[in-house]
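Please keep the structure in view while reading.

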Amino acid sequence: ADEIKAEMIDEIARRSFPLCMRMHHEKLRKDKHLKHFGRLEYGLFLKVLGLSIEEAIVFWRKSFSRIEDDKFNKEYKYNIRHSYGLEGKRANYPARSCIQLLAPGSSEHGCPYRNFDEDNLPTTLISVYGPQGLRSSDIREVTDTVKGKHYHVACTRVFELTHASCGVNKGDGIGGGESVTHPNQYAARSMELRK
Ligand code: SF4
């Protein structure tokens, strides 16, 4: 695969991220900061997406634009390197799967299909995925699925609806009828389809 550069993330996020990671990205852009769990979930996702350690440092350094280099180097750089297995016990940390992200959490991290309230979710879905073809008339179907607590089914349906222009039909899921089980699988499949 082509190397992913820090400056490409805005566009890839718009085109190919599942809602959970898109929410982290939007929050990071809005606040120029992300709290601990957000950084962890999003950072590991970006690592698996293909962002090298060098590009990850560029990405986070530029994103945290309100803090000084010194604070960035002291407080954040180590953790970024740590998540790439370059510090501490040098473990190769995997990115969080949907099952892990579906654990009860706050609206600031985890799966938004689960953690957002009934009013917030439809508005967010339209603003995030409207440009990719999600219509107001699709929202009912998605929110009904969420009410039935089938969060990953809702996410899969949103994938289908927003990739209809790439030839994805209802029931295709992210390929071969499979539903979403990992944010990286969602993003990788989307990037492949939109190439
Ligand atoms: Fe993210 Fe998985 Fe939730 Fe989709 S179902 S938003 S990929 S955690």
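In this predicted model, domain 1 and domain 2 bury about 1700 Å² between them. Of that area, 66% lies on carbon and sulfur atoms. The size of an interface is often given as the accessible area lost when the parts come together. According to the domain assignment, domain 1 covers residues 6-83 and domain 2 covers residues 98-193. The contact draws 19 residues from domain 1 and 21 residues from domain 2. Taken over C-alpha atoms, the centres of domain 1 and domain 2 are 22 Å apart.

What kinds of polar pairing are found between domain 1 and domain 2? The count is 7 residue pairs in polar contact, while the number of salt bridges across this interface is 0. On the side of domain 1 that touches domain 2, helix H1 (9-16), helix H2 (19-31) and helix H3 (36-49) each provide at least two residues. H2 gives the most to this side, with 7 residues. By residue type, the side of domain 1 that touches domain 2 is made up of 11 nonpolar, 2 polar and 6 charged residues.

Lys-32 is not a glycine, yet its phi is positive, at about 55°. This residue belongs to the loop between H2 and H3. With a relative accessibility of 30%, Lys-32 counts as partly exposed. Arg-90 likewise is a residue other than glycine with a positive phi, in this case near 55°. Its place is the loop between helix H5 (69-83) and helix H6 (98-101). Arg-90 is exposed, because its relative accessible area is 57%, and the threshold for that class is over 50%.

Tyr-113 is part of helix H7, which spans residues 112-115. Is Tyr-113 buried or exposed? Its relative accessibility is 2%, so Tyr-113 counts as buried. When residues up to four places away in sequence are set aside, Tyr-113 touches Leu-19, Leu-121, Leu-125, Tyr-129, Val-142, Val-146, Tyr-151, Ala-154, Cys-155 and Val-158. Tyr-113 and Thr-156 are separated by 43 residues in sequence, and their C-alpha atoms lie 11 Å apart in space.

Although charged residues include Glu, Glu-160 counts as buried, at 6% relative accessibility. The side chain of Glu-160 reaches the backbone nitrogen of Gly-173 at 2.8 Å. Apart from its neighbours within four places in sequence, Glu-160 is in contact with Val-168, Asn-169, Lys-170, Gly-171, Asp-172 and Gly-173. Glu-160 also takes part in a network of salt bridges that links it with Glu-141, Arg-157 and Lys-170.

Side chains of opposite charge can pair when their charged atoms come close. The count comes to 17 salt bridges. One of them joins the side chains of Lys-170 and Glu-141, with N and O 3.0 Å apart. This pair links distant parts of the chain, 29 residues apart: Lys-170 stands in the loop between H10 and helix H11 (183-193), and Glu-141 stands in helix H9, residues 136-147. Lys-170 counts as exposed, at 58% relative accessibility, whereas Glu-141 counts as partly exposed, at 27%.

A second salt bridge forms between Lys-147 and Asp-144, whose closest N and O atoms are 3.9 Å apart. Both residues of this pair lie in helix H9, 3 residues apart, or about one turn of the helix. Lys-147 is exposed, with a relative accessible area of 52%, and Asp-144 is partly exposed, at 39% relative accessibility.

Arg-135 and Asp-138 also form a salt bridge, and here the closest N and O atoms are 3.6 Å apart. How do the two partners stand in relation to the surface? Arg-135 is exposed, with a relative accessible area of 53%. Asp-138, by contrast, counts as buried, at 7% relative accessibility.

Notes:
Residues numbered from 1 in each chain as written. Predicted model: local features only at pLDDT ≥ 70, side-chain atom pairs only at ≥ 80, totals over all residues. Heavy atoms only, no water. Domains from an automatic or database assignment. Contact = heavy atoms within 4.5 Å. Buried area = accessible area lost by both parts, 1.4 Å probe. Salt bridge = Lys/Arg side-chain N within 4 Å of Asp/Glu carboxyl O. Polar contact = N/O pair within 3.5 Å; in protein donor to acceptor, adjacent residues only side chain to side chain. Helix = DSSP H or I, 4+ residues; strand = E, 2+ residues; numbered from the N terminus. Buried < 20%, exposed > 50% of the residue type's maximum accessible area, 1.4 Å probe, protein only.
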